[in-house]
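Me: I would like to go through the labels used for this model and set each one against its definition. Please give the cut-offs as we go.

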Amino acid sequence: MPALYETFNGSASPTLWSKVSALFVEIFAAEPYCEDPAELLQIVDWGPAQLAQSAGRLLTCSHEEQLLGFALVHSLHGDDSWQNILATIAQSVGKSSQLPTDPQEVLVVHELAVDPAARGQRIAKSALATIFSGRAETHVVPGVYGQATTAREVYQRWVFTELGIFTTQNNTVDLHVIHCQLPCPAKQ
């Protein structure tokens, strides 16, 4: 049986968020991220809020009821944190952003995660292709932590370009903000 992709717009069940949380902790508590599992578990609180934002969408990939991966996106419109990140980057590189000025034209990839045992099966690429399909936005911006060099290389192969680096968490973590105009080559 092939993998099952499901899309949730605006909300998803607590049961699903529990599965998303378990996978999120597994991935981001491990190398290269090494984040605090207790803090990561809080996705069950902030994840639904991100999904409820303007044009929020959660896509899951599962096989035989095991969650293999997920993507969480929303419009830049109404996300003051991401608007600040993009404004800071534009100011630091001393040029205007490659992004449109209307936040409703920008899609933020808030999270993208694939079970390590399922990597190499094109799940991330298929998830993004599905989640980008039929969107009103014209541009997409993910953020990738500095230590996630493999993830940045994958995005580069998909023809994403780096807009700049935003330093987060008390100047300890670099967030590489990347960009692609939709339709994105990751769809192909």
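Me: Why is tryptophan 158 called buried?

Reply: Buried means under 20% relative accessible area, exposed means over 50%, and partly exposed is in between, with a 1.4 Å probe and protein chains only. Tryptophan 158 has 11% relative accessibility, so it counts as buried. Tyrosine 155, at 7%, is buried as well. The model is predicted: local features need pLDDT of at least 70, side-chain atom pairs count only at pLDDT 80 or more, and totals for chains, interfaces and linings use all residues. Residues are numbered from 1 along each chain as its sequence is written, and side-chain values use heavy atoms, with hydrogens and water left out.

Me: How many aromatic pairs does a search of the whole structure find?

Reply: The search finds seven aromatic pairs. Rings of Phe, Tyr and Trp (its six-membered ring) pair if their centres lie within 6.5 Å; planes under 30 degrees apart count as stacked, over 60 as edge-to-face, and the rest as tilted.

Me: What makes the pair of phenylalanine 24 and tryptophan 46 edge-to-face?

Reply: The ring centres of phenylalanine 24 and tryptophan 46 are 5.7 Å apart and the planes stand at 75°, so the pair is edge-to-face. Phenylalanine 24 belongs to helix α1 (residues 14–28) and tryptophan 46 to helix α3 (residues 43–52), so the pair ties together parts that are 22 residues apart in sequence. Helices (H or I, at least four residues) and strands (E, at least two) are DSSP runs, numbered from the N terminus. Phenylalanine 24 has 4% relative accessibility and therefore counts as buried, whereas tryptophan 46, at 25%, counts as partly exposed.

Me: Why is the pair of tyrosine 155 and tryptophan 158 edge-to-face?

Reply: The centres of these rings, tyrosine 155 and tryptophan 158, are 5.7 Å apart and the planes are at 85°, so this pair is edge-to-face.

Me: Which residues form one aromatic cluster?

Reply: Phe24, Phe28, Tyr33, Trp46, Phe70 and Tyr145 form one aromatic cluster.

Me: How many helices and strands are in the chain, and what makes it as compact as a globular protein of its length?

Reply: The chain has six helices and seven strands. Its radius of gyration is 16 Å, close to the 16 Å that the globule rule gives for 188 residues, so the chain is as compact as a globular protein of that length. The radius is taken over C-alpha atoms, and the rule is 2.2 Å times the number of residues to the power 0.38. Buried residues make up 45% of the 188 residues.

Me: Which peptide bonds are cis?

Reply: Glutamate 31 and proline 32 are joined by a cis peptide bond, with omega about 5°. Proline 32 is in the loop between α1 and α2 (37–40). The bond from leucine 182 to proline 183 is also cis, with omega near 0°, and proline 183 is in the segment after β7 (173–181).
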